[in-house]
Amino acid sequence: MGFCFPDAPKGESMGKTAETVAERQKIEQAVAAAGEAARRVGPMAGSITNTVTVNFVANAQLAVGGSAAMVYLPDEAEAIARAGGATYINVGTLLPVYAQTVPAVTKTLNALGRPWVLDPVAIGIGALRTELLAGMKPYKPAIIRGNASEIIALAGLWGLDGGAADSGVRGVDATDSVQAAKDAAVALARHTGGAVAVSGKTDLVTDGRVAARSHGGSPMMARVTGCGCSLGGVAAVYAAVAEPFAAALAATAAYNLAGRQAAEKAAGSGSFQMHFIDALYRLTGNAIAANPFDLEEV
Amino acid sequence: MGFCFPDAPKGESMGKTAETVAERQKIEQAVAAAGEAARRVGPMAGSITNTVTVNFVANAQLAVGGSAAMVYLPDEAEAIARAGGATYINVGTLLPVYAQTVPAVTKTLNALGRPWVLDPVAIGIGALRTELLAGMKPYKPAIIRGNASEIIALAGLWGLDGGAADSGVRGVDATDSVQAAKDAAVALARHTGGAVAVSGKTDLVTDGRVAARSHGGSPMMARVTGCGCSLGGVAAVYAAVAEPFAAALAATAAYNLAGRQAAEKAAGSGSFQMHFIDALYRLTGNAIAANPFDLEEV
Amino acid sequence: MGFCFPDAPKGESMGKTAETVAERQKIEQAVAAAGEAARRVGPMAGSITNTVTVNFVANAQLAVGGSAAMVYLPDEAEAIARAGGATYINVGTLLPVYAQTVPAVTKTLNALGRPWVLDPVAIGIGALRTELLAGMKPYKPAIIRGNASEIIALAGLWGLDGGAADSGVRGVDATDSVQAAKDAAVALARHTGGAVAVSGKTDLVTDGRVAARSHGGSPMMARVTGCGCSLGGVAAVYAAVAEPFAAALAATAAYNLAGRQAAEKAAGSGSFQMHFIDALYRLTGNAIAANPFDLEEV
């Protein structure tokens, strides 16, 4: 979700790329299919998420065709996990009851083989946050979404390559670059067998085998709270109808496209958010799939 | 809150109707009076409501002329219940403290004879939700607002006609039609002595004696989270200055009218919500009363 | 945040004023510097705040150039307090965990000498609210922001001049005038050594030595929930880069200016909020400093 495109270090990216026309086409088709299926099926993706951006998460999920349900209590989370096509778990604003809810529901989701999306917001702040995130390792989220510093810190917490216990998380902000989080993202994806999406100027989405760098977005996305959280919620909607990598890339591409479209119309961060939701509401699967991305083997 | 109007099965509706010019005029006057009184009096309607749509509830209550106050703790709920003209209780996102707060405040409201509005969101999910909703039966909300599946499930939980323990609640969504919930709505209204509003394509509002089918709205209302919750909050504002049936119909009509107006201007669900609040802000009591509705005896 | 400007009782204001060109220039420069520094530095101002307006608080903080982080748990609040340039504490919607979080974090902030902003929303409702607010007295917030009734009640709770145990708080609304809260505001500022901002038709900001009356705003600000809360959050962003009086006046002036600009474009309270955030996003330090205010010794 960067400033404009293209801004990726092209030479390096091309040097490592194993992109073939067939591979790219396959990915584009999967992304388009995810976007279309969400509107056709209307999957319910429940959330355990923070109070700051919970409304934005729900409205973004509805805008792309899904259905939203937010809960706090352990047995309600279990019910929503079983009823939904996927679940979104964001640890942004922990409440005491999360100590019961989060371990129980992530265990259940793993046992059911049901996809879930993890947003390790502000990892490193407080004991419960660390305990909950550490405990998630065996329950393998299908998608992990975070900024660069959060991804590096999570890999560090889980003892994976590319991680660091002391990354540049500042409250809810990142101080590390997306490129710096690449190894951590790849290691996390290989551990979970799912996908990892790193949000930044140019977003990186990887399944541990290939990495897509998705272009677009707007710097205004950093001036509206919840662009990252709601991307995670939308990724959960897509994960209910698509494989993790396609779902993560579809959500990331949708955000980059909607962000670029909204920035053209916005007079400030207030109208940006409105135009952004409008843009999400109107996106087609094909438009999402056509949003520019680079591909490389990792 | 349906797709357009009129979409009610006219023949059936006319066949059962005992509508007279005088009855309709009386209802229209009461609806107009509710809308005007809310702006003139500025009644405070406190809420115990969910974290997802709490901001929308408050802004909708302010837009129609009321005042909002949201609380979680038992003694604060008591204070707000005593200070307010009516109280809105929505069980959308339960927290542990609701186990103390909700029974205490509903008992107090009943003892005070103060009107309160119940929104049995996602009834059936989790043990506490069931326990709280079951326990409300003797405390008789002046208005119950829900989608068709929630209304059927609540009547079932309270052992009333038309109810079913296993209705089509899917998270926060309904899978039953408004028509299918008619008997349950009537039974609930007869039990409480108040009114029941069932939201759907065409909304049904009943006091157990007559049923009004209110037309208008927009399918976009299902793409914005909180159109139902905030309708309940607005119904509480109106219930502070009007009888339950007039208050429930005024809120429902206001939503159908504002929804239709907003849909004409919206470029997506983001701008829809903004235009919707703007429309609520500008509605007059007479405009609300003029929103089309059918009337029948039940 | 009043109806228009100027609406202050000019004669009285001029009669008491000791305003000199130099004093006014110094204040204007400090206000402009606060506005500019927030955009240049991007200070993080964490919040413990209510669930109703938490999103608005965060977006307003981001719009003026700051960074936001909201937490509930005691150790997380400590971490955010240490990491941030200032902290915003709003007791609007108390949860049980606040009984631990608020005393601990206010004590820490005081020990660190770190500025914090207090918003004593709905003071007088419930035992915990009273206990928490009473306990804050020794920890001296750099800025206190409230409506007239809240300021009078807080001075009363802290046993200061101008206070009254039984002020006109009605839920979250004021029934007292800003002028009536002047003595309480001055007494609070003298106790804390910081600043107090009283929101109303014409806002009053004092450091206990001088009082500025800031003009502008719009009556529509009372029809959008969170204009007061988010003003407090913005004051915390400014308090991270400026002295309390300049920060409080900068936030108040920014709100009066943005409110006036938004009112010119708004078609209702929905679009008002969007235009308001857009206006905040575009404000320069100089524009904030140029917003009209009267100055007097107190």
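Let's start with R82(A), which forms a salt bridge with E78(A), the closest N and O atoms being 3.9 Å apart. By salt bridge I mean a side-chain nitrogen of Lys or Arg within 4 Å of a carboxyl oxygen of Asp or Glu. Both R82(A) and E78(A) sit in helix α4 (residues 74–83) of chain A, four residues apart, about one turn of the helix. Helices here are DSSP runs of H or I with at least four residues, strands are runs of E with at least two, and both are numbered from the N terminus. E78(A) counts as buried, at 19% relative accessibility. Buried means under 20% relative accessible area, exposed means over 50%, and partly exposed lies in between, using a 1.4 Å probe and protein chains only.

A word on what we are looking at: this is a predicted model, where local features need pLDDT of at least 70 and side-chain atom pairs count only at pLDDT 80 or more, while totals for chains, interfaces and linings use all residues. Residues are numbered from 1 along each chain as its sequence is written, chains are lettered from A and ligands numbered from 1 in the order in which they are written, and side-chain values use heavy atoms, with hydrogens and water left out.

How many salt bridges does a search of the whole structure find? Over all chains, there are 21. Look at R129(C) and E76(B), which form one with closest N and O atoms 2.9 Å apart. R129(C) lies in helix α6 (residues 127–135) of chain C and E76(B) in helix α4 (residues 74–83) of chain B, so this pair joins two chains. R129(C) is buried at 1% relative accessibility, and E76(B) is buried at 0%.

Now find R213(C) and E296(C), whose side chains meet in a salt bridge at 2.7 Å, N to O. This pair links distant parts of the chain, with R213(C) in strand β8 (residues 210–214) and E296(C) in strand β9 (residues 293–297) of chain C, 83 residues apart. R213(C) has a relative accessible area of 6%, and E296(C) has 3%. Over in chain A, salt bridges that share partners join K182(A), R213(A) and E296(A) into one network.

On to the interface of chain A and chain C. Here 29 residues of chain A are in contact with 29 residues of chain C, where contact means heavy atoms within 4.5 Å. The two chains bury about 2200 Å² between them, 59% of it on carbon and sulfur atoms. Buried area is the accessible area, with a 1.4 Å probe, that two parts lose on being put together, summed over both. The rule finds one salt bridge across this interface: E76(C) meets R129(A) at 2.9 Å, N to O. On the side of chain A that touches chain C, α11(A) gives the most, with five residues.

How are the copies arranged? Chain B can be laid on chain A with an RMSD of 0.0 Å by a turn of 120 degrees and a shift of 0.0 Å along the axis. That is the relation of a three-fold axis. Copies are superposed by least squares on the C-alpha atoms of residues with pLDDT of at least 70 in both. Of the residues of chain B, T51(B) comes closest to the rotation axis, at 3.7 Å for its C-alpha.

Last stop: N50(C), in the loop between β1 (44–48) and α3 (54–63) of chain C. N50(C) is buried, with a relative accessible area of 4%.
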